[in-house]
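Here is a short report on one protein chain. Keep the sequence and the structure in view while reading.

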Amino acid sequence: MARPDKVAAVDEIADKFRGSSASVVTEYRGLTMSQLTTLRRSLGEGASYRIAKNTLVKRAAENAGLDGLEELLVGPTAITFITGEPVDAAKALRDFAKANQALVIKGGFMDGRTLTVAEVNQLADLESREVLLSKLAGAMKGTMAKAAGLFAAPASQVARLAQALADKRAEEGGAAPAGADADATDATEAPASADASEAPASAES
């Protein structure tokens with residue numbers, strides 16, 4: 001019969017797998033407590049570093065529906081669970097491993113499949129989301145500024161803008177186009193469901 005503490009540990013690790021956008025499996029043998037603390041800090045708030053027994057990680061991965069991690073679970077294992085930007089966490093791990101050879105990156109898991117060491121390093125070489133958004137904003141400064149202003153505007157302001165547009169159409173055409181009211185409704189409702197981060201995100205992909 002499984003001990004309650006082990007069952008709780010498996011459930012906790014499984015929940016971390018489910019809640020992570022990516023995870024990276026490492027071997028930490030030889031790292032001091034001070035170095036582990038430095039590593040955790042370097043990962044930032046968007047990732048956590050968890051040391052766990054391989055048997056518990058295997059069970060947790062199975063519970064979370066992750067396949068292919070078993071071959072990575074050899075030797076002392078610690079897993080980085082990433083809830084923020086995977087690129088940033090991968091960079092932090094790679095840079096720390098370069099400075100501290102006791103940290104060995106063995107692979108990872110993202111988008112429903114396992115990652116090789118090479119793929120984790122490739123992920124670390126990518127530009128972060130913030131850098132890409134900054135470049136996009138620079139290339140589309142005028143358009144982005146207008147879009148950001150619209151997304152940030154109160155619904156009442158957008159409604160007045162939509163009504164002004166409908167009135168202008170009516171003056172120019174003698175009567176409001178048949179779809180003017182629908183346009184006003186759409187414009188009023190758009191900011192309620194729009195997320196300013198979605199526009200750059202689609203360009204990123």
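## Terms and model

A residue counts as buried under 20% relative accessible area, as exposed over 50%, and as partly exposed in between. The model discussed here is predicted.

The pLDDT averages 77 over the protein. At least 70 is reached by 61% of the residues. Residues 175-205 have a pLDDT below 50. Beyond near neighbours in sequence, that stretch has 25 contacts in the model.

## Overall make-up

The protein has 205 residues, and 32% of them count as buried. Its secondary structure comes to 10 helices and 5 strands. Take the contacts with a separation of 6 or more: 78% of them join residues 24 or more positions apart.

## Helices H2 and H4

Helix H2 spans residues 33-43, and helix H4 spans residues 86-99. Their axes come within 9 Å and cross at roughly 150°. H2 is therefore roughly antiparallel to H4, since angles over 145 degrees count as such. The crossing of H2 and H4 is right-handed.

Which residues meet here, in H2 and in H4? From H2 come Gln35, Thr38, Leu39, Ser42 and Leu43. From H4 come Ala89, Ala92, Leu93 and Phe96. The residues of this contact divide into 6 nonpolar and 3 polar, with no charged ones.

## Glutamine 35

Glutamine 35 sits in helix H2. Is glutamine 35 buried, exposed or partly exposed? Its relative accessibility is 25%, so glutamine 35 counts as partly exposed.

Set aside neighbours within four places in sequence. Glutamine 35 then contacts Gly30, Phe96 and Asn100. Phe96 is also one of the H4 residues that meet H2. Alanine 102 lies 67 residues from glutamine 35 along the chain. The C-alpha atoms of glutamine 35 and alanine 102 are separated by 9.9 Å.

## Helices H1 and H3

Helix H1 covers residues 4-18, and helix H3 covers residues 54-64. They pack at an angle of about 50°, with their axes 8 Å apart. That angle makes H1 oblique to H3. The crossing of H1 and H3 is right-handed.

On the H1 side, the contact is made by Lys6, Ala9, Val10, Ile13, Ala14, Phe17 and Arg18. On the H3 side, Leu56, Val57, Arg59, Ala60, Ala61, Asn63 and Ala64 take part. The residues of the contact of H1 with H3 divide into 10 nonpolar, 1 polar and 3 charged.

## Helices H4 and H5

H4 also packs against helix H5, residues 117-125. The angle is about 110°, and the axes are 7 Å apart. H4 is therefore roughly perpendicular to H5, because angles of 65 to 115 degrees fall in that class. H4 passes H5 in a left-handed crossing.

H4 contributes Pro86, Val87, Ala90, Lys91 and Arg94 to the contact. H5 contributes Val120, Asn121, Leu123, Ala124 and Asp125. The residues of this contact divide into 6 nonpolar, 1 polar and 3 charged.

Serine 23 is found in strand E1, residues 22-27. Serine 23 has a relative accessible area of 3%, so it is buried. Apart from neighbours within four places in sequence, serine 23 contacts Phe17, Ile79, Thr80, Phe81, Gly107, Gly108 and Phe109. Among them, Phe17 also belongs to the H1 side of the H1 and H3 contact.

Threonine 80 lies in strand E3, residues 77-82. Its relative accessible area is 0%, so threonine 80 is buried. Outside four places in sequence, threonine 80 contacts Ala22, Ser23, Val24, Leu43, Ala47, Ser48, Tyr49 and Leu93.

## Aspartate 111

Where is aspartate 111? Aspartate 111 is placed in the loop between strand E4 (104-110) and strand E5 (113-115). Aspartate 111 is exposed, because its relative accessible area is 69%.

Most residues other than glycine have a negative phi. Aspartate 111 has a positive phi of about 55°, although it is not a glycine.

Definitions and conventions:
Residues numbered from 1 in each chain as written. Predicted model: local features only at pLDDT ≥ 70, side-chain atom pairs only at ≥ 80, totals over all residues. Heavy atoms only, no water. Axes fitted to C-alpha atoms, helices over the stretch in contact; angles between N-to-C directions. Helix = DSSP H or I, 4+ residues; strand = E, 2+ residues; numbered from the N terminus. Parallel < 35°, antiparallel > 145°, perpendicular 65-115°, else oblique. Left-handed = near helix turned anticlockwise from the far one by under 90°. Contact = heavy atoms within 4.5 Å. Nonpolar A, V, L, I, M, F, W, Y, C, P; charged D, E, K, R; others polar. pLDDT = per-residue confidence, 0-100. Buried < 20%, exposed > 50% of the residue type's maximum accessible area, 1.4 Å probe, protein only.
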